Amino acid sequence: MRALRYVALAGLLATAGTAVAAPVTYKLDPGHTMVLFSWNHFGFSNPSANLNQVDGTLVYDEAAPTKATVEVTLPLSGLDTFVPKLDEHLKSADFLDAAKYPTVTFKSTKVTSAGKDKLKVTGDLTVHGVTKPVTLDVTVNKVGPHPMMKVQTAGFDATATIKRSDFGVGAYVPNVSDEIKIRITTEAHDASAADKK
């Protein structure tokens with residue numbers, strides 16, 4: 001019995017002071033999030049656009065990253081190519097038809113490990129009223145206290161490639177490429193702590 005007590009005591013001492021990770025609900029920070037997509041234009045150039053005004057929630061547990069979930073809404077009112085006439089054209093019925101389909105959404109359905117600080121996040125992407133599965137290649141940049149905001153923060157980068165024609169946005173293919181490259185960088189803050197700020 002004494003030996004068992006020593007083993008139990010050793011176990012308690014080994015775990016003393018060690019933080020147990022738990023799921024944290026994070027709110028995506030629109031000021032530190034960029035959702036960039038780019039395409040090829042007649043072989044001459046590769047323009048890009050950013051979807052601003054992100055509204056999203058991430059649930060992430062450092063001890064169990066594959067249990068993460070993410071849900072994001074991107075209003076097309078925030079689309080910005082830095083060329084106003086191009087913004088208008090992309091929002092028109094020729095392409096995204098923002099008047100009829102005002103948002104782009106993504107909701108994760110599965111997360112798998114892809115190596116150290118790497119994840120594959122599969123989810124349902126809805127664009128132009130069409131929902132298709134898309135997999136994001138995600139890098140976990142950093143998770144920890146934000147030195148300025150003093151709240152728990154998580155940062156990620158992600159990439160994906162889709163075909164816009166899969167979503168019913170096929171105007172001018174192939175002169176304007178069907179393939180769209182997506183690059184995302186984001187910071188997200190502990191929602192409960194951020195609400196108290």
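The pLDDT is the predictor's confidence in each residue, on a scale from 0 to 100. The structure on display is a predicted model, in which local features need a pLDDT of at least 70, side-chain atom pairs count only at pLDDT 80 or more, and totals for chains, interfaces and linings use all residues. Residues are numbered from 1 along each chain as its sequence is written, and side-chain values use heavy atoms, with hydrogens and water left out.

Next, select residues 1-20, where the pLDDT is below 50. Beyond near neighbours in sequence, this stretch has zero contacts in the model (a contact means heavy atoms within 4.5 Å). Where pLDDT is low, the predicted coordinates should not be read in detail.

**Strand β11**

Select residues 179-190, which form strand β11; strands (E, at least two residues) and helices (H or I, at least four) are DSSP runs, numbered from the N terminus. Within this strand, select His189. His189 counts as buried because its relative accessibility is 5%; buried means under 20% relative accessible area, exposed over 50%, and partly exposed in between, with a 1.4 Å probe and protein chains only. Not counting residues up to four places away in sequence, His189 touches several residues, among them Tyr26, His146 and Gln152. Display the side chain of Asp29 as well: it makes a polar contact of 3.1 Å with the side chain of His189. A polar contact is a pair of N or O atoms within 3.5 Å; within protein, one must be able to donate a hydrogen and the other to accept it, and residues adjacent in sequence count only if both atoms are side-chain atoms.

Move to Thr186, also in strand β11, which counts as buried at 11% relative accessibility. Its side chain is joined to that of Thr33 by a polar contact of 2.7 Å.

**Aromatic pairs**

Rings of Phe, Tyr and Trp (its six-membered ring) pair if their centres lie within 6.5 Å; planes under 30 degrees apart count as stacked, over 60 as edge-to-face and the rest as tilted. By this rule there are three aromatic pairs. Select Tyr60 and Phe156, an edge-to-face pair with 5.4 Å from centre to centre and 80 degrees between the planes. Tyr60 is in strand β4 and Phe156 in strand β10, 96 residues apart. Both Tyr60 and Phe156 are buried.

Finally, select Phe95 and Tyr172, a pair that is tilted because the planes stand at 50 degrees, with centres 5.8 Å apart. Phe95 counts as buried at 9% relative accessibility, whereas Tyr172, at 45%, counts as partly exposed.
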